[in-house]
Amino acid sequence: MNYSQRFTSAQPKRSHRAPDLSRLRQHMCNELVRRGITQKNVLYAMSTVPRHLFVQDALRSQAYEDAPLPIGYGQTISQPYTVARMSELLEVEKGMRVLEIGTGSGYQTAILAQMGCHIISIERLQELFRKTQTLLHQLGFRGIHLQRGDGTLGCPQAAPFDRIIVTAGGPKIPEPLLDQLDPENGILLMPVGSKQRIQEFIKIRKVHGVTRQEACGSTTFVNLIGSYGWRFP
Ligand code: SAH
């Protein structure tokens, strides 16, 4: 499918002063390559999903800068580099079953869907859940199922998952998520830190029942709030 065509109608009309968003998106991808992103499926998704539709209208012209942006309710859409890096660290392949905790704007969800994954994504906040559900439906993404609730409990009825991605920072990896990771060939990625807003990416890999853990660099996410996360906003 030609994704640039598919999203054309959703783009605002261009005037001589409006920024050329597809050119900005291409520039964003060039920067991702310059910063070390190499996986083709990640770069394809980043170059085709219209990030400007996942941010507030007034911030559209900033959508392709490498920065997080507010999405309301005290939450943020992650910066493009972080989304690309997480997508790479997750080592996804077409057809994989992915559990995402912290849907937020739905941008990371859309990137994974564009890479061919089947995703269950859980969001704690009702308003964001509704808004993002409407947007993803309007954009015609397939293979995405959104749920509202405490994602630290996971989704036991749909387990095991090939991949689990947590896009909010917590003090430790929630036990239920570890239990719901495929024991044969599962990868879980989450920002973990004992102080709020200062975390390290922790990558857990399960191969034939054996679990290995790896630290993959520092990062900053909003709080994961729930039974197995922070107890307060
Ligand atoms: N990937 C998203 C990140 C959004 S910020 C994006 O780029 O837009 C993190 C999100 O996690 C917020 O929307 C927040 O409400 C949500 N969140 C925090 N704790 C949660 C929990 N226990 N379960 C589900 N979602 C949670």
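Author: Of the chain's contacts between residues at least 6 apart in sequence, 57% join residues at least 24 apart, a contact being heavy atoms within 4.5 Å. The model is predicted, so local features need pLDDT of at least 70 and side-chain atom pairs count only at pLDDT 80 or more, while totals for chains, interfaces and linings use all residues. Residues are numbered from 1 along each chain as its sequence is written, and side-chain values use heavy atoms, with hydrogens and water left out.

The chain has seven helices and nine strands; these are DSSP runs numbered from the N terminus, helices being H or I of at least four residues and strands E of at least two. The radius of gyration is 17 Å, close to the 17 Å given by the globule rule for 233 residues, so the chain is as compact as a globular protein of that length. That radius is taken over C-alpha atoms, and the rule is 2.2 Å times the number of residues to the power 0.38. Buried residues account for 52% of the 233; buried means under 20% relative accessible area, exposed over 50% and partly exposed in between, with a 1.4 Å probe and protein chains only.

Now the rings. Rings of Phe, Tyr and Trp (its six-membered ring) pair if their centres lie within 6.5 Å; planes under 30 degrees apart are stacked, over 60 edge-to-face, and the rest tilted. By this rule there are two aromatic pairs. Phe-54 is buried at 4% relative accessible area, and Tyr-107 is buried at 1%. Phe-201 and Phe-221 also form an edge-to-face pair, with 6.0 Å between centres and 70° between planes. Phe-201 is in strand β8 (residues 198-207) and Phe-221 in the segment after β9 (210-219), so parts 20 residues apart in sequence are tied together. Phe-201 is buried at 4% and Phe-221 at 5%.

Tyr-107 has a charged neighbour as well: Arg-51 lies over the face of its ring, 5.5 Å from the centre. A charge sits over a ring if NZ of Lys or CZ of Arg is within 6 Å of the ring centre and within 35 degrees of the ring normal. The charged end of Arg-35 likewise sits over the ring of Tyr-81, 3.8 Å from its centre.

Helix α5 also holds Ile-111, which is buried at 0% relative accessibility. Leaving out residues up to four places away in sequence, Ile-111 touches Ala-45, Met-46, Val-49, Val-83 and Ser-87.

Thr-103 lies in the loop between β3 (97-101) and α5 (107-114) and is buried, at 5% relative accessible area. With residues up to four places away again left out, its contacts are Thr-109, Ser-121, Ile-122, Glu-123, Thr-132 and Leu-146. Thr-132 is one of the buried residues of α6.
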